[in-house]
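Hello,

Here is the model we talked about handing over. My notes follow it.

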Amino acid sequence: MAPTIGRDGFTKIWLPPAWVDKSSWVDAKSGTSGGGEGYYWHDFDKNSNYGSEPQLKQAVNALSNAGVQAVYDVVPNHMNDKFPGTLVRFPRGLKLWRDDCATPSSCDEGDAFMSGSADLNTSNAEVSSRLMQEFRNLRDNYGAKGLRFDFVRGYAPERVNLWMKDFGDQAFCVGELWKSPGEFPASDWRNKASWQDILKDWSDRSRCAVFDFALKERLQNGSLAEWRHGLNGNPDPAWRQIAVTFVDNHDTGYSPGQHGGQHHWPVPEDKRNIAYAYILLSPGIPTVYWPDMYDWGRGDLIRMLIKLRKDAGIRADSPIRFQSHYSGLVATINGSRQRLLIALDADLSMIPEGFTKALFADAERIRAWQTRSAPEDTTTTLHCDNANPGNGQAVYAVGSPVELGAWDPAHAIALKPTAPKRWSGAVVWPTQQAIKWKCVIRSLSNVNEVYWQKDPDNSLTTSAGTEAVGSF
Ligand code: CA
């Protein structure tokens, strides 16, 4: 399928661990079973349940020819100690394992996997350098262009940085840090921090990208408006660019195999399409879960979203502005070639000026528009003078662009009193746009009860001045 994968627009593929794994488990209570997927490997032998070593090389070569880079999943935290390896072997009793020490934390740089009995002591020089050699081997002999680090809560981010300096400092790497603030001890600053803070801290120390579990948590528990709190929606581009966004993976989602896979934390079916629309049209490094693309019939939608992303030139650090004066999720994203406007389950009813329709899907729960060009953003402060709102009223600005509600006073933006009879607010929008707008006084309890500034409309061209004044 390599040519198909390349044609569909994918640039990288996350391969499962390449190392042999003979583990198996059965949970009689839930009637589920598994094992052998590579997450409980016992040797660096690449003849695995997925295929033979020559087949692995052939697959990676075919992907490379299709313009798709192989990112290998690697599992340094733990291994299966029940089978003797021939290519790598770590004897017990030499502080190569977490359990070799009376205080496990002195023989491990992080959390234990399950009981911890299979955890490697990654701070041990022999363990660390043997893994480093194997990562280089994956690079030199198996076409690895990047690494996906499994269960990084189990070992130090600085260790990952050390390995990647050897593998190639500029190569792609991403860590799976699935650990909520509440799982850190009360004495640890991360116990009171946000998911985003925890992920950024790990990335700063490992120098790798990180799966956006901040967004995943909001996809699961937040409203659409709260999806903006993913790492990929952060106002700082340095935060957005390290966010590897996803809807589900083999741990969180259902799988096509026996027992429906693990599905520890799946996005509900009715939100999956809009979740894909969001991650594929917003900043971050989006990933698509294989069965969503090739098993469960979401491929056509995902293919169109990928094309729209590429046409617009959306990058990991592209600016995104959330237009929170609409319901659902409305945002503008500045690509390098086009500006996109997305409306997900949103009450944006008018076609905003300057935009043309790009993609409507999922019974219009997904709507996207594009512009012909991608101007830089600029900030303008709007003032409304002689404003004298009564009790239960406030002052707003409404106007032609999407940032000002596309002339719908129900989606006007709120201003704040800044001087006697003057209300003000800042708006971020593209430069060199001709804008018409007005001041309105609106009831706080009824958005349809509106008092308009008299004609004519106020006019301005963005960036010509940094302030504009309307008056009642
Ligand atoms: Ca560990």
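C173 sits in strand β6 (residues 172–175); strands (E, at least two residues) and helices (H or I, at least four) are DSSP runs, numbered from the N terminus. C173 is buried, at 5% relative accessible area. Buried means under 20%, exposed over 50%, and partly exposed in between, with a 1.4 Å probe and protein chains only. Leaving out residues up to four places away in sequence, C173 touches L147, F149, M164, R207, C208 and A209. Contact here means heavy atoms within 4.5 Å. R92 is 81 residues from C173 along the chain, and their C-alpha atoms are separated by 30 Å.

Before the rest, the ground rules. This is a predicted model, in which local features need pLDDT of at least 70 and side-chain atom pairs count only at pLDDT 80 or more, while totals for chains, interfaces and linings use all residues. Residues are numbered from 1 along each chain as its sequence is written, and side-chain values use heavy atoms, with hydrogens and water left out.

The whole chain: 472 residues, of which 53% count as buried. Its secondary structure comes to 10 helices and 23 strands. The C-alpha atoms fill a box of roughly 85 × 50 × 45 Å along the principal axes. Among contacts with a separation of 6 or more, 65% join residues 24 or more positions apart.

Next, the calcium ion. Its protein donors are N77 (OD1), D108 (OD), D108 (OD), D111 (O), D119 (OD) and G154 (O), at 2.3 to 2.7 Å. Donors are N, O and S atoms within 2.8 Å of the metal, or 3.2 Å for Na, K and Ca; water is not among the atoms, so sites may look incomplete. Angles among the 6 donor atoms run from 50 to 164°, and the site is irregular. The donor spacing in sequence is N-x30-D-x2-D-x7-D-x34-G. D111 is partly exposed at 22%, whereas G154 is buried at 0%.

Now the helices. α5 (residues 195–206) and α6 (residues 213–221) pack at about 155°, with axes 8 Å apart. Axes are lines fitted to C-alpha atoms, for helices over the stretch in contact, and angles run from 0 to 180 degrees between N-to-C directions. The pair is therefore roughly antiparallel (over 145 degrees; under 35 is roughly parallel, 65 to 115 roughly perpendicular, the rest oblique). W195, Q196 and L199 of α5 meet F213, A214 and E217 of α6.

α6 is mostly covered, with 8 of its 9 residues buried. Its cover includes α5, β7 (209–211), β8 (243–245) and α8. In α8 (residues 269–281), 11 of the 13 residues are buried, so the helix is largely enclosed by the rest of the structure.

Last, A18. It lies in the loop between β1 (12–15) and β2 (25–27) and is buried at 7%. Beyond its neighbours within four places, A18 contacts D45, K46, S48, L56, Y72 and D73. L138 is 120 residues from A18 in sequence, yet 9.1 Å away, C-alpha to C-alpha.

Best wishes

Technical notes. Tetrahedral: all angles 85-135°; square planar, octahedral: opposite > 155°, others 65-115°.
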